[in-house]
Amino acid sequence: MTIPGLHLTHIGNGDFLIEPSKSLNIRDHDRLIEGITARLMQARATRLYYDLSGLALIEPLYYSWLDALARAAQTVNVKMICINMQPTAAFALSKFIRKMPTFATALTI
């Protein structure tokens with residue numbers, strides 16, 4: 001299954017990795033979430049790692065995308081973990097979030 005703007009890779013034992021590209025259009029997040037969750041359900045995934053290494057800033061629109069994806073993943077019993085967050089992105093995120101994010105964070109897989 002091809003999902004425009006990102007690579008969704010099975011990395012073993014129910015774990016998947018999302019690597020977004022610069023062409024990812026998060027404004028069409030319903031279609032993206034549907035494709036991602038369908039693939040996760042098909043493979044009986046348990047964890048979804050979202051690589052943020054290419055993202056220097058996280059602004060409210062992108063945070064909404066991450067939150068919506070994490071909530072959808074939870075509905076199919078998949079835990080989403082954002083990895084490789086740059087310090088500038090973490091700082092920007094800390095300026096506007098008011099509650100704990102739906103997703104977990106980690107340095108790496």
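The model is predicted, so local features need pLDDT of at least 70 and side-chain atom pairs count only at pLDDT 80 or more, while totals for chains, interfaces and linings use all residues. Residues are numbered from 1 along each chain as its sequence is written, and side-chain values use heavy atoms, with hydrogens and water left out.

Helices (H or I, at least four residues) and strands (E, at least two) are DSSP runs, numbered from the N terminus. Buried means under 20% relative accessible area, exposed over 50%, and partly exposed in between (1.4 Å probe, protein chains only). Leaving aside residues up to four places away in sequence, Leu66 touches Tyr50, Leu52, Ile58, Met80, Cys82 and Phe103; contact means heavy atoms within 4.5 Å.

Helix H1 has buried residues Leu32, Ile33, Gly35, Ile36, Thr37 and Leu40. These pack against strand S1 (6-12), S2, strand S3 (47-51) and helix H2 (60-75).

Now to the pocket. The largest pocket has a volume of about 220 Å³. On a 1 Å grid over the protein atoms alone, a pocket is an open set of points where a 1.4 Å probe fits, with protein on both sides within 12 Å along at least five of seven lines, and lining residues have an atom within 4 Å of a point. The volume is the space filled by probe spheres set on the points, which are joined across faces, edges and corners. Among the lining residues are Glu19, Lys22, Asp51, Gly54 and Tyr62. Lys22 is found in the loop between strand S2 (15-20) and helix H1 (29-42). Lys22 and Gly54 are 32 residues apart in sequence, with their C-alpha atoms 8.3 Å apart in space.

| Residue | Relative accessibility | Class |
|---|---|---|
| Lys22 | 83% | exposed |
| Asn77 | 65% | exposed |
| Asn84 | 27% | partly exposed |

Asn77 lies between H2 and S4, with a positive phi near 60°.
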